[in-house]
Structures are given as structure tokens and as C-alpha cells.
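Dear colleague,

Here is the structure I said I would pass on. My notes on it follow below.

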Amino acid sequence: MTDQLSLTFAALADPTRRGILARLADGDATVNELAEPFDLTLPTVSKHLKVLQRAGLVTQTRKAQWRPCHLEPAPLKDVADWVDRYRRMWDSRFEQLDAFLVELARKETNDERQR
Amino acid sequence: MNASASQQSDTRHVGAMSIRVRSDLEIEMRRTFAFPRRLVFEAHSKPEYISRWWGPRGSELISCDMDFRPGGAWRFVVGKPGGQQYAFRGEYKEVVPPERLVYTFEFEGMPGSITVDAITFTEHEGHTTLTCVSRMDSIEARDAMLASGMEKGAAETYDRLEEMLGGISGNSE
């Protein structure tokens, strides 16, 4: 069984592949265009693209190198949703903890004074 | 604060949470507070303290039972006045004041999806950095959590790509 989210993470684990995705987020690009900013050989870019394609993150209309690659955002949305759920929960928790710490610190100071 | 923590230049400011994905099952949250860690840890240690900050904004902690020691159980019920209630439970695994706190976390509405939260408290010049690594116990549990009532957020994926993925280090575990 293929676990989609884990496949996505594995594909994203490489900085070059994240760079390729960031580039494709600006618009479709050919393999040549993708190779340029990273100073990579075409076979290396193709190898990374294959991993991204297997994870469903990138599609290419045809195998030919001059066909533009296209970012598929759907798998990334799962990652974003996962992170967002934690972000919402912990952000409000931390904000409230911070406010409570002001009180707790004040209470301790008062307790010390009364001693 | 140890040397490695002070080398992490990205999250040294007080007041803003950072979040990053550590692996396909782990998320790390980090936040710095302008208080000594003894105090930050203490805020986690008693029901009358926990009930002041733990629930989501606008909700109350309706009940808060906790046996704050390794192996001790905890159960919090969160709700809005006159509204729906949600119960969470777990077990304290490690209680090491004022350094470290590890507990399991389970939403009773979704039994079986267990998360382990490992919180470390580090202090530097009177400020405390709280780091929580939240680890789902399985891929199935994570996906069940994702499938359940996740708001179809309008998360602008592209905008957040870098932020989200900056810390991914691969399936290291």
C-alpha cells in the first residue's frame, strides 16, 4: 500500500526538489529552465523530477524534455492541512499560556512580599 | 541554554511560534517566553494553572483531572458555555521539573489516534524556549486525524511552501 502523505514527505526531503517545486509554484517550466538556477545536469534534474512525479507533485504533459513541468498542489494541501491543525491549536495555547505567565509571575512576587 | 540551542538563530525572539515538520509523523512547535523555565514548567503542573490557558480561545476547561507524575493519568474536558464539550486524555510519561515533560494525548472523539508530546524547556538569560515535538503513533492515526472534520482550509499552499517545508529533514526515523 502506498501512503500518499509519506510519499510526499519523502519527495520533499531533498532541498533541490523543494527548490524545483518553489520554482514551479511561479509557473510551469521546462527541464532546461529548471536545471539552470540549480546548476544541475539535465539527467540529475530528470532524476529529481521522477521522484516528484511519483509522489504526484509534478506532472509533465509528455516525457520529452521540452515539455513544461507543472506543479500539482493537491498532495501539498494535505501537508498544509496537517501543519495548520497543529498551528491553530498550539498558537492559541501559547498565547494564553503567555498571558497566564504574567499573572503567575505577579502572584509569586506578591507571595514573596507577604512572607 | 546549551550551545546548540543558541546556534538556532531562527527562533530566538519572544512571542512568535515557529512550527516545522520533522518527519512524516512529527511536527515541532517552538515558542519563547520572557519568563524563567521554572515558571513555564509550573504552569503545566497543576489543574488550577492548566485550566487558565490550555483550551482553545473562547472555550473553558470544564474539568481538569491530572495525576502529575510518570504513569499518572490526565483528562481535560473543554467546551463553550452551553455548547459542545470535547474530552482529551492521556498519561504522563516523563515529568522532570523544570526540564522536560512527556505525555500521551488522545481525543476521546477519535479513540486510538494517540499522539506523544515531548516538551523540553530551555532557559537563556531568563527567557524560556518551549519546544514540543508532537509525534503521531502511526500513519493510520495521522491520516484518520486529517480525514476527520478538517476544515477545508483555504490554506494558500504556495505561499506557505517554504515556511512549511524549511525544516523537513526526511523520514529520518
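To begin with one helix contact: Gln4(A), Leu5(A) and Thr8(A) of α1(A) meet Pro75(A), Asp78(A) and Val79(A) of α5(A). Contact here means that the C-beta atoms of two residues, placed from the backbone, lie within 7 Å. Helices (H or I, at least four residues) and strands (E, at least two) are DSSP runs, numbered from the N terminus. By class, this contact has three nonpolar, two polar and one charged residues. Ala, Val, Leu, Ile, Met, Phe, Trp, Tyr, Cys and Pro count as nonpolar, Asp, Glu, Lys and Arg as charged, and the others, Gly among them, as polar.

Two notes on conventions. The model is predicted: local features need pLDDT of at least 70, side-chain atom pairs count only at pLDDT 80 or more, and totals for chains, interfaces and linings use all residues. Residues are numbered from 1 along each chain as its sequence is written, while chains are lettered from A and ligands numbered from 1 in the order in which they are written.

The axes of α1(A) and α5(A) come within 10 Å and cross at roughly 95 degrees. Axes are lines fitted to C-alpha atoms, for helices over the stretch in contact, and angles run from 0 to 180 degrees between N-to-C directions.

In α1(A), Thr8(A), Phe9(A), Ala11(A) and Leu12(A) are buried. A residue is buried if 20 or more other C-beta atoms lie within 10 Å of its own, exposed if 12 or fewer, and partly exposed in between, with C-beta atoms placed from the backbone. The arc is that of the directions from the helix axis to the C-beta atoms.

Next, α4(A). At 1.5 Å a residue, the 13 residues of this helix (42–54) should span 18 Å, and the end C-alpha atoms are 18 Å apart, which agrees; the expected span is 1.5 Å times one less than the number of residues. Val45(A), His48(A), Leu49(A) and Leu52(A) are buried in α4(A). They fall within an arc of 105 degrees, so they line one face of the helix. Pro43(A) and Lys50(A), on the other side of α4(A), are exposed. The packing partners of the buried residues are α1 (4–12), α2 (15–25), α3 (31–38), β1 (58–60) and β2 (69–71) of chain A. After α4(A) comes Gly56(A), with a positive phi near 75 degrees.

α2(A) packs on α4(A) at an angle of about 75 degrees, with the axes 10 Å apart. That makes α2(A) roughly perpendicular to α4(A). Thr16(A), Arg17(A) and Ile20(A) in α2(A) meet His48(A), Val51(A) and Leu52(A) in α4(A).

As for the interface, 36 residues of chain A are in contact with 38 residues of chain B. On the chain A side, the elements giving two or more residues are α1, α2 and α5 (74–114). The largest share, 24 residues, comes from α5(A). This side has 22 nonpolar, three polar and 11 charged residues.

Chain B has five helices and eight strands, and buried residues make up 23% of its 173 residues.

Regards

Conventions:
Parallel < 35°, antiparallel > 145°, perpendicular 65-115°, else oblique.
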